[in-house]
Protein chains: 2
Amino acid sequence: MTYCVAIKLNEGLVFASDSRTNAGVDHVNTYSKMFSFQVPGERLFVILTAGNLATTQAVINSIRRDFDDPDAPVSLRTAEHLFEAAHYVGELNRREAHRHSTDDGPDQASFLPSASFLLGGQIKGQDHDVFMIYPQGNYITASPANPYLQIGENKYGKPILDRIIALEMPLDDAARCALVSLDSTMRSNVSVGPPFELAIYRRGEFELAHYLNLTLASPLYKSLQKRWNEGLRRAFNRLPRFDWEQD
Amino acid sequence: MTYCVAIKLNEGLVFASDSRTNAGVDHVNTYSKMFSFQVPGERLFVILTAGNLATTQAVINSIRRDFDDPDAPVSLRTAEHLFEAAHYVGELNRREAHRHSTDDGPDQASFLPSASFLLGGQIKGQDHDVFMIYPQGNYITASPANPYLQIGENKYGKPILDRIIALEMPLDDAARCALVSLDSTMRSNVSVGPPFELAIYRRGEFELAHYLNLTLASPLYKSLQKRWNEGLRRAFNRLPRFDWEQD
């Protein structure tokens, strides 16, 4: 499994991802799921990946090849709009998954190594934005009422995002919330695990403002885990007591 | 959907359930999913239900009929052990679902109105315990390392249980934690909704210590929601800041 989240705020974008992959519980590995592509002063993209590792690697390889090929008909370097970049990644995704799919008729089990992606960034002259790209190649964007997108194991880490994330909050705060969301997910699902990657993009800068790779031993991560546990316990202890006499 | 949780602590048991049912998003209703059966001074059972409403109603009706029938070959009144009661409910569940299933061959879509249950309680002379009963009729119990069981939409509300629930905690505290877990689930999944039912069983009493039915307008529930939000926000604001100068 995987857990990745991308948050679109007024000030910019926040990306966070775990790095655990598995092919069965007896084949667990660590791979980065965060990739960035940059043309200084002009455009920046961050891509987060979930799903079949062969497919996500093939898609990222194709994106890299096209990015460095001036003759590529379309690439992250030449796409004129963010949604065109999402369309491009979606097409690569669909094509790559189907290239290795098997479907031997209605009585046979079929196999499709599907994947999904989060793509966020900014092209000069346009707003920053973030897209979720489905295995089928289509895509949706975030909205003011729904300022974040998730791929992979999204449920355990959603309640804290729903309670905290707001369009006008500082990027650093959203990044801390994303880490708590990752931490909650890791505790409830062993197929999501560290190190965690965190990237912060400030609108109009066309380069990452900050990037962190956090292991369980990172002082920041240990401190965040400890204080969050303490804070939750304090919040819990302050909940109203039942007044059974009144009932 | 549904969300029910049953917690087994040293002091006794806590049960909590939502009451929203739906057959598609355009057919939403409110039904209780908590049922109790009692022989004063001798035995008490609480049952929580999830899944196909026709199946859960039929199973509860059968349990009620058998409970009042002195000639029933097995019932919650006569089962000698809790696991036998779980086995009995599991058999009713499997039989009822298959009675209304359709399976017209490998080329046709099949239909099985499946359901699952949580069964907890105590029979005099034995420990209190709680079981989760699967659609197939088999069942598992909780464990000291895993002192709660869930049915329905279990993921959104799991992180807070994982952080707070401990065997030796007071029943009231576990009940407040169950309410927070329900509240988090309701916020993230519209198919889980109020009123919420809460029951507390203290070991050796063979009757419920407390029962609450909470709507969104209940002063206790409103106060709990408000304080939990405030507490989470306070915990969030106390998280360690990023020290970007050091990176």
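The points below go from the basis of the model to the symmetry, the interface, a helix pair and a sheet.

1. A word on the basis: this is a predicted model, in which local features need pLDDT of at least 70 and side-chain atom pairs count only at pLDDT 80 or more, while totals for chains, interfaces and linings use all residues. Residues are numbered from 1 along each chain as its sequence is written, and chains are lettered from A, with ligands numbered from 1, in the order in which they are written.

2. Symmetry. Chain B superposes on chain A (RMSD 0.0 Å) by a rotation of 180° with 0.0 Å of shift along its axis, so the two copies are related as by a two-fold rotation axis. Within chain B, the residue closest to the rotation axis is Y156(B), at 2.5 Å (C-alpha).

3. Interface. Chain A gives 33 residues to the contact and chain B gives 32; residues are in contact if their C-beta atoms, placed from the backbone, lie within 7 Å. On the side of chain B that touches chain A, α3 (158-164), α4 (171-188), β12 (208-214) and α5 (219-237) each supply at least two residues, and α5(B) has the largest share, 11 residues. Helices (H or I, at least four residues) and strands (E, at least two) are DSSP runs, numbered from the N terminus. The copies meet through the same surface, because 100% of the interface residues of chain B are also interface residues in chain A.

4. A helix pair in chain A. The axes of α4(A) and α5(A) come within 11 Å and cross at roughly 80°, which means that α4(A) is roughly perpendicular to α5(A) (65 to 115 degrees). Axes are lines fitted to C-alpha atoms, for helices over the stretch in contact, and angles run from 0 to 180 degrees between N-to-C directions. R176(A), L179(A), V180(A) and D183(A) of α4(A) meet L224(A), Q225(A) and W228(A) of α5(A).

5. A sheet in chain B. Five strands form an open antiparallel sheet in the order β5-β6-β7-β8-β9; strands pair if DSSP finds at least two bridges between them. The edges are β5 (34-39) and β9 (139-141) of chain B, each with a single partner strand, so one side of each lacks a neighbour in the sheet. β5(B) pairs with β6(B) over six bridges, and M34(B) stands opposite L48(B) in β6(B).

Conventions: Two residues are in contact if their C-beta atoms, placed from the backbone, lie within 7 Å. Angles under 35 degrees count as roughly parallel, over 145 as roughly antiparallel, 65 to 115 as roughly perpendicular and the rest as oblique. Copies are superposed by least squares on the C-alpha atoms of residues with pLDDT of at least 70 in both.
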